[in-house]
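Please consult the sequence and the structure shown below while reading.

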Amino acid sequence: MKKSRLEAPSQWKERILILRKLGIAWAISGLISINALANINPPSSEGNAATVQQQKQITGKVVDNTNQPIPGASILVKGTTIGLVTDADGNFKLNLPANAETLQVSFVGMKSQEIALAGKSSLNIVMEVDAIGLEEVVAVGYGNLQKKDITGAVSSVKSENFNKGVISSPEQLLQGKISGVNITSSSGAPGAGQRIIIRGQGSLRQGTGPLFVIDGFPVGLAGTGSESSPLNFINPEDIETMDVLKDASATAIYGARGANGVILITTKRGTTGISKVTVTSNVGVSQMARRIPVFSADEFRKKVVEVGGRLEDKGGNTDWQDVLTRTAITNDHNLVLKGGSQKTNYYASLGFLDQQGIIIETGLKRYSGRVNITQKLLDDRLKIDFNLNTTVESGENCNASTMVSQMIGLNPTYPAYDSNGEPTVFNDILNPLIDAKLYRSFSESRRLIANISPSFEIVKGLIYKLNFGYQNTSGDFDYQAMPSTIPFERGRLEQSFSNGRNTIIENYLTYTRAFGDHNLSVLAGHSYQETFGRWRGWSIDLFSPTGVEPHYNPGLGSELDLVDNKPGGWASINELQSFFGRANYSFKGKILLTATVRADGSSKFGDNRKYGVFPSFAAGWRISDEPFMKSSPFTNLKLRAGWGQTGNQEIPNKITQALFTTSVGASSSYPLDATSTYPAGTTYVRLANPDIQWEVSTQSNVGVDFALLKGKLSGTIDYFHKVSNNILLEVVPADPIQPATTYWTNVEDMTITNDGVEIALDYQHKNKDGFSYGFGGNITFIDNVVENSPFTILTTGGASGAGLTSATVNGYVNGYPIGAFYMKEFAGIGENGLTKYVDWNNDTKDSDADRHVVGSALPDKMFNFNANMSYKRFDLVLNFNGVSGNKIYDNTATANFYKARLAKSLNTTAAAVEYPEESNINPASVSTRYLKDGAFFRLNNATLAYNLNTKNFGIVKWIEELRLSVTGQNLFIITKYDGFDPEVNQDSSDRGIQSFGIDKNSYPKARTFVFGLNLTF
Amino acid sequence: MKNKIKIAFLGTIMVLGFGCSDLKEQILDESLSGGKLQSDIIKGSVAPAYALLPDFFLHTRYFALQEISTDEAILPYRGGTDWGDNGIYIDLHRHLYTPSHVRLKDAWNNLVTLISRTVTAINVLTPIAKSDAEAKIYLGEMKALRAYYNMVLLDMYGLSFVKEDPNEVSKIIRGNDAVEYIRTELESVQNEVSTTSGPGRITQGAVWGLLARLHLNAAVWREPYATNFNFKPEDMDKVILYTDKIINSGMYKLSPEFFEIFDDENHTNKELIFAVDQRPDLNGHNRLAYFSLSGDMFPLPNFPNANGTDGPAITSDFYRTWVQAYGATDPAKDARFFKENLVIPVDSFIAGDKFEINRGIQRGQQFGLITTRYGQPFERGANGTYKIGKLRNITRADKNKLVIHTEQIDFTTEGSGYSTGYRVEKYEFSKLSDSGRNKGQADIIILRYADIYMMRAEAKLRKGDANGALTDVNAVRASRTARTSQTPPALAQMTLDILFRERGFEFYWECQRRTDMIRFGKYEGTWTEKTDSDIKKRLFPIPQSAIDGASANVGYLVQNDGY
């Protein structure tokens, strides 16, 4: 296939260079204008007076409590925009207006201070570490709270603690950072979807995941475990914090969408008085991290003969895992502009990501831009936040799953290349190198998300806020089979187009007031959200092999018929209308009470159940603030308890309504006479159920937050008990004679219970000699069980491979967890050379009835560990994560590694010849033979960075900060699993029931080294 | 300040008002109502009641259940890679089916949906039929069709459903109640339906034929687990009554060429009484022609993607019944066993439009179009001719291995090869089937004229009239005159065993074998890879999904004995 000019990497590099030059020019012009703004004094009368008076100068130094200088701390004259940041030695020199009274000093991770000038001309400012983060502000949905006032289970991760490296979906930033949150990538492919399970799986259905709220805008894209991440449109560089709401008292404010947890994403904003331009440039080098030990060509020649197979020897010596993978280069470059005057703050970024996949002919490219502006008006009573984000993501891919099955299964004696260095053309098989050129897909998705949220302080303490957001996505996807003579391919093009929009309008009032020792904050509001989506597709066949790629000109195709090329499509529109309220009360900051309620009405619900009400209550007691704790070692001790109900409204569209369609089609029409005009048949496709409603999850949570040793050691322990009922399922009607064989209903009595304990600890130590270190970790124990299911078994997780049609891997039965594996137990090889299974039901017959639960795909323990060290200008961060108690069904092995394939000259691992007595035709059926321990422990990422002393190099005028870093991702893994990677979760759902823990020719994971440069001007 | 507050509140209220919604779900991509002319409403309700028949008669559904469970067909795990399908076909053959058997569920779902569609149609047609003659005919037809579907359910799962009002819960009936219900329904419409709209639709001939089939099997369906079935003389008289009516109507004719009954153009063949009308541009599948054929056989010169699949073959036990009947003579002497279409020219090259694969039972080395790999162009000669040669396993690993169909086929290593077993190509491989799977044209037989004679013969025989039975059977044998040298010779005597054997010769792979084996008391017998003799296996289990769905309604849908 001819490469298009656009794709050539050198062309891209040029373009990036141009972009960067443009960006710098833009940055410089931006700087000039912003600095100009910043230096103009506010046009108030006081300001004018100030200019008349003589200015004073103040010098100072900012240090931490170990007397280490703090460079980059922000100094601002209170009530003005006059300010700067400290230099590399923590020093500053500032011209003060005559009326200046107070300086505000702040630095990330330190407690902010206000310092009275009181005529001083030099200051030594000692900042205190905010180790326990009590002052930290955490987003809680429709507002923020200080961490010390929170009563629910909320975990928050700031950008500086995100996982580093090549990150193509923002979920990866959080992996291993938060207890109770299980993040599993569906495969190692660039941009692959991530399945996030917060506090255990509470629904049977496919596409259930947490709600994502970005700057107050619920993106309405619940659904993970899919092929690509729903969050791919956000540039990870733009994210300031991710707050995970875990318990019901925290998520109930999101009502019918809160049952699977809520992740609030806050993007970065500008800071008053500080203008910065940051360029980050990362280049990643990735290679396949683990190989599957299939036979080498020489071993293969021996083994095929040994098992009595027919050796097809083409004389080559090919390692197909080498041939079909590559050292992949990722370029990730970002330009960020940040700054602000007294009335306006801005943040703007431009990002470019070009990630090559480690499998040949795979990868993705993404361009993203963001502008966040905050404007204050009317004596700062009116504040307007504006966010605009646009992203274009494109990909050109071969069929990666074919490449995976070929790289492990292809005969290694077939030479990959012929004597001319071209991919060999085989008579009997298609060389995957040719396959990768013939069968390709092209995709581009474009996303725009904008929201504006003005807030107005009507009277003191009473704030009205409006939130208006609009999201638009569009995408096209082409699959093409390139016409070819040798090897023969007729040529085919499938095209599909999708687009969607998401509009939200919210109004709410917040009233905050203190009455002596009593503090009260009340919130009430209304929300209306509408989402629209549609998809259309068509195809055409039979192209002449002229070299023109079908996706450039579908008109060259010459065969269209309604059997093979019938166009398809769907469109749906959903509405969600909600009323919500919350009250926070605190007594002396010690006793904290929170109550929330949300009433959600959804167009997806049945006519009889339009609105669901979701309440929650929580209380907190800051024991450490009590007088009797004065002499205790605890600097913080808080007890929290909460209860609440949330819902899961992510149910399919239209299921409450009966559908009868009138169409001419194979399943609805029939010839009633000799003519070829067929009557349009009217058929019921779906039965009505006006009682359909949300799934309900009821969760109780008890937790303790603590800090000891002057805040050096801090931690959290939570216990939760979550029961989901009203389980929504597509079921078979009691009376079989129904127009449709299934209908949707809520199975009221059926429950899915998740019980768990989460423990998180963090220790930070700082020495006077500039050496500091810290370590932390968390562990989660979780137990999941299904009860009162009216179904003997709900099977899902369709296996794939020759002879595996209709075989399933997962089965959910009473008394066992969601994600359970349900299959026959392997009992060795019988005398006839065929597999023996455990006769589970003791009926002496080998049948389906011998299947039973043999393990679960969901771990019952998850643990994460991180460590950081810094010495002078070096810092090092290590993140480890792992799980245990789970199993993986290795469908890759079932489909590829068995003796019958080896005997047919297809490559396998040594597992295929494990049993010498096994017959050459023994089929590989679904059984525990291929069920493997999924526990692992991984060094997920490690970053070593050096901050250059720009002052010593004399470039501080030009470059304020220069940071060099190297990050290793997926550096090592300890696991018994012998597939590519134990972290795998390919969606294999059947009838909408979610599958778990299946490895089916999954895209291998990469080990990546990223070299980063971070420049701040 | 006060103004500001007012403005803010006013703004809030306006915005709230703008946002309010009644949350009525908008449907954009489906029409929830029909809304058409009366004539469209009639046909629009009738067509769906037939529409799932091609689906039901898929190779993996009714065909597999009725044939792979018997001695006529066996489907091993070919080469350890093909048709393993989690053991479902092996279980079916060994009578180890369980309520979770996926094909039993698929077939059940087809049948219950079809019954529901007839109920819908009956409710739509009943008011219209009072004034509309066409609707009246269709109404009778729908009742007959409902009875037919219930009869198939009774045969397979041992129960039938009575449902008149779509809003009421169906009544489940079994045994004699079900037989009587189906009988009454069919009898009530025998004079309402058309006589000429067949074979794709139910006609008077079809109703009579179904009544004959009902009475012939009534003894089994009343007491499915009986040690000896009680074939009542009055039932047999009814069989004779209805078969006589059909024969006397003069509407049907035995086909001189046996395989024309299964050709692409069989819709006009006078032997067909009731069949699934397949059209290539609507609902036709080619699965019955594709299923057994070698994966290395490409029957259509125009379509290099159309091949067989190495599915089931006949068991050697069934083949031996032919050998037993014909002794030293090759059974290919019987027109029904084999029709040679492919005579290889001396130079091995043939014009595309002359190329035609053999029909019937294929044995030994297979010949056909030559290619190097699936989907690649065929080897050509001068003037656009095609090379014909010995077929090899080009779609398999051992590409040089010849495609030789052997008599031995079983679940052992040798017996499970890609080419083992004698294959059946009864239906014509649709000339339009570019993928080999789609665009079927042949109508799939439900009831044909030969069966009328064979049923009458059986009724006579069960009443003791062996001579009468012999005459009817020989009439069918003698009718296949298109290839005179292959016309089956007349039989000299008639017994139940001979009649059973003869039904196999005539109706092999026509979805009758399981029913026949049970009626003749042979289903508990032993044949290749099958030893189970549990009489409870005469009925299939009701699918677990249906049992689970009805679990809240205790005692309503009861699982069949033995499962």
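The model is predicted. Between chain A and chain B there are four salt bridges. One salt bridge joins the side chains of B:Lys439 and A:Asp561, at 3.0 Å from N to O.

**Polar contacts and contributing elements**
- Across the interface of chain A and chain B, 20 residue pairs are in polar contact, both residues being at pLDDT 80 or more.
- Several strands of chain A give two or more residues to the side that touches chain B, among them S22 (439–459), S23 (462–481), S24 (492–515) and S25 (518–541).
- S26(A) gives the most to this side of chain A, with eight residues.
- By class, the side of chain A that touches chain B comprises 51 nonpolar, 31 polar and 21 charged residues.

**Extent of the interface**
- In total, 103 residues of chain A contact 99 residues of chain B.
- The two chains, A and B, bury about 8,200 Å² between them, and 57% of this lies on carbon and sulfur atoms.
- A:Tyr670, A:Leu672 and A:Ile737 supply 10% of the area that chain A buries against chain B, more than any other three residues.

**Helix packing within chain B**
- Helix H13 (residues 449–462) and helix H15 (residues 496–507) of chain B pack at an angle of about 170°, and their axes lie 11 Å apart.
- Because of this angle, H13(B) is roughly antiparallel to H15(B).
- Residues making the contact include B:Met454, B:Met455 and B:Leu461 of H13(B), and B:Leu496, B:Leu499 and B:Phe507 of H15(B).
- By class, the contact of H13(B) with H15(B) has eight nonpolar, no polar and six charged residues.

Note on methods: Residues numbered from 1 in each chain as written. Chains lettered and ligands numbered in written order. Predicted model: local features only at pLDDT ≥ 70, side-chain atom pairs only at ≥ 80, totals over all residues. Heavy atoms only, no water. Contact = heavy atoms within 4.5 Å. Buried area = accessible area lost by both parts, 1.4 Å probe. Polar contact = N/O pair within 3.5 Å; in protein donor to acceptor, adjacent residues only side chain to side chain. Helix = DSSP H or I, 4+ residues; strand = E, 2+ residues; numbered from the N terminus. Nonpolar A, V, L, I, M, F, W, Y, C, P; charged D, E, K, R; others polar. Axes fitted to C-alpha atoms, helices over the stretch in contact; angles between N-to-C directions. Parallel < 35°, antiparallel > 145°, perpendicular 65-115°, else oblique.
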